[in-house]
Amino acid sequence: MLPTLEKFIAGMPKAELHLHIEGTFEPELMFEIARRNKRKIRFNSVEEVKEAYKFNNLQEFLDIYYEGANVLIEERDFYDLTWAYLQKVHAQHVVHVEIFFDPQTHTDRGIAFATAINGIHQALEDGEKQLGISFKLIMCFLRHLPEEAAFQTLAEAMPFKEWIYGIGLDSSEMGHPPSKFERVFEKARQEGFVVMAHAGEEGPAEYIWEALNLLHVARIDHGNRCLDDEKLVQVLAERQIALTLCPLSNLELKVVQTLDGYPIQQMLDNDLLITINSDDPAYFGGYINENYLGIARPLNLSKETLAQLAKNSFRASFLSEEEKDRMIAKVDAYCASFTI
Ligand SMILES: [Zn+2]
């Protein structure tokens with residue numbers, strides 16, 4: 001029997017809004033796909049891979065993340081990766097996902113854009129039909145690469161426009177401010193994409209201002225560092241620009257030293273629209289429920305606060321207003337019916 005808190009979190013309907021599909025690559029599946037594609041990886045066992053998942057910063061993680069992605073070659077590989085994630089979160093009562101993929105991680109090593117997106121999209125379609133998980137797919141530009149490469153990727157994405165809801169910005173934040181991508185984001189918005197960006201994870205509050213004022217984002221991914229700037233907090237709250245927080249990721253990448261002081265209450269008190277997400281769960285030791293639990297225990301969060309975070313995940317999503325209301329009502333119904 002699960003303890004009450006764990007049970008409450010586990011059964012609560014929720015959405016995941018900050019998830020890199022390449023970051024769900026579990027070592028077991030990585031070995032299986034490497035074997036069938038006859039690709040060598042530098043690890044000899046699942047245990048060795050897990051041992052390597054101890055990072056000191058974002059860059060150390062990214063180095064291993066890109067290495068793991070190297071074994072993804074065929075459409076089937078991208079399908080299996082995505083399907084494994086959907087099955088996992090289905091069991092965690094996730095009912096809506098807005099997931100990122102990084103086409104440049106694949107096209108730069110000679111894998112066709114179509115191969116990656118076909119596999120991912122098919123799995124998402126099957127997830128909706130078979131598991132009842134609705135979805136939006138978001139394409140991210142790798143910010144350590146030049147803006148020109150992002151323009152190229154945007155052009156490659158155009159034949160698949162129907163399948164791509166939004167555009168994001170990820171990878172190494174420091175030294176690659178949102179301003180570097182101002183023009184390509186403008187083009188993406190002209191094409192009708194909703195845009196968002198990772199900002200204020202390792203980078204300063206200034207990067208969040210840039211994401212708002214230059215990229216015109218609908219959402220900030222991470223955004224922890226907004227708390228350094230009172231005016232910024234006020235603007236984010238007034239405009240209800242959501243932050244997609246990822247507690248276990250922050251802990252593993254040393255953005256925070258412990259989760260004891262994770263500023264959930266401070267952010268809620270400031271009327272920030274915050275959500276809880278897993279970022280790269282295979283690498284950071286937990287999927288969405290483990291992230292909720294990771295803060296719930298040390299911060300002694302009430303069921304009301306946890307339900308608020310789940311409701312926020314729908315409010316901050318790109319679902320229609322009717323769908324949001326319907327899902328929020330489901331969270332309320334769940335809370336009302338929850339008994340120990
Ligand atoms: Zn991320």
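This is a predicted model: local features need pLDDT of at least 70, side-chain atom pairs count only at pLDDT 80 or more; totals for chains, interfaces and linings use all residues.

Student: Okay, is aspartate 279 buried or exposed?

Tutor: Aspartate 279 has 3% relative accessibility, so it counts as buried. Histidine 20 is buried too, with a relative accessible area of 4%.

Student: Which residues are the protein donors of the zinc ion?

Tutor: They are His18 (NE2), His20 (NE2), His198 (NE2) and Asp279 (OD), lying 2.1 to 2.3 Å from the zinc ion. Along the chain, the donor residues follow the spacing H-x1-H-x177-H-x80-D. Histidine 20 sits in the loop between strand S1 (14-16) and helix H2 (27-36), while aspartate 279 is in the loop between strand S8 (274-276) and helix H14 (281-284), so this pair, 259 residues apart, links distant parts of the chain.

Student: Why is the arrangement around the zinc ion irregular?

Tutor: To count as tetrahedral, four donors need all their angles between 85 and 135 degrees. Here the four donor atoms subtend angles of 82 to 172°, and therefore the arrangement is irregular.

Student: How do I read two packed helices?

Tutor: You describe them by the angle between their axes and the distance between the axes. Helix H10 (residues 205-213) and helix H11 (residues 230-239) pack at about 35°, with axes 10 Å apart. Ala205, Ile208, Trp209 and Leu212 of H10 make the contact with Lys231, Leu232, Val235, Leu236 and Arg239 of H11.

Technical notes:
Residues are numbered from 1 along each chain as its sequence is written. Side-chain values use heavy atoms; hydrogens and water are left out. Donors are N, O and S atoms within 2.8 Å of the metal (3.2 Å for Na, K and Ca); water is not among the atoms, so sites may look incomplete. Four donors count as tetrahedral if all angles lie between 85 and 135 degrees; four count as square planar and six as octahedral if opposite donors are over 155 degrees apart and all others between 65 and 115; anything else is irregular. Helices (H or I, at least four residues) and strands (E, at least two) are DSSP runs, numbered from the N terminus. Buried means under 20% relative accessible area, exposed over 50%, partly exposed in between (1.4 Å probe, protein chains only). Axes are lines fitted to C-alpha atoms, for helices over the stretch in contact, and angles run from 0 to 180 degrees between N-to-C directions. Contact means heavy atoms within 4.5 Å.
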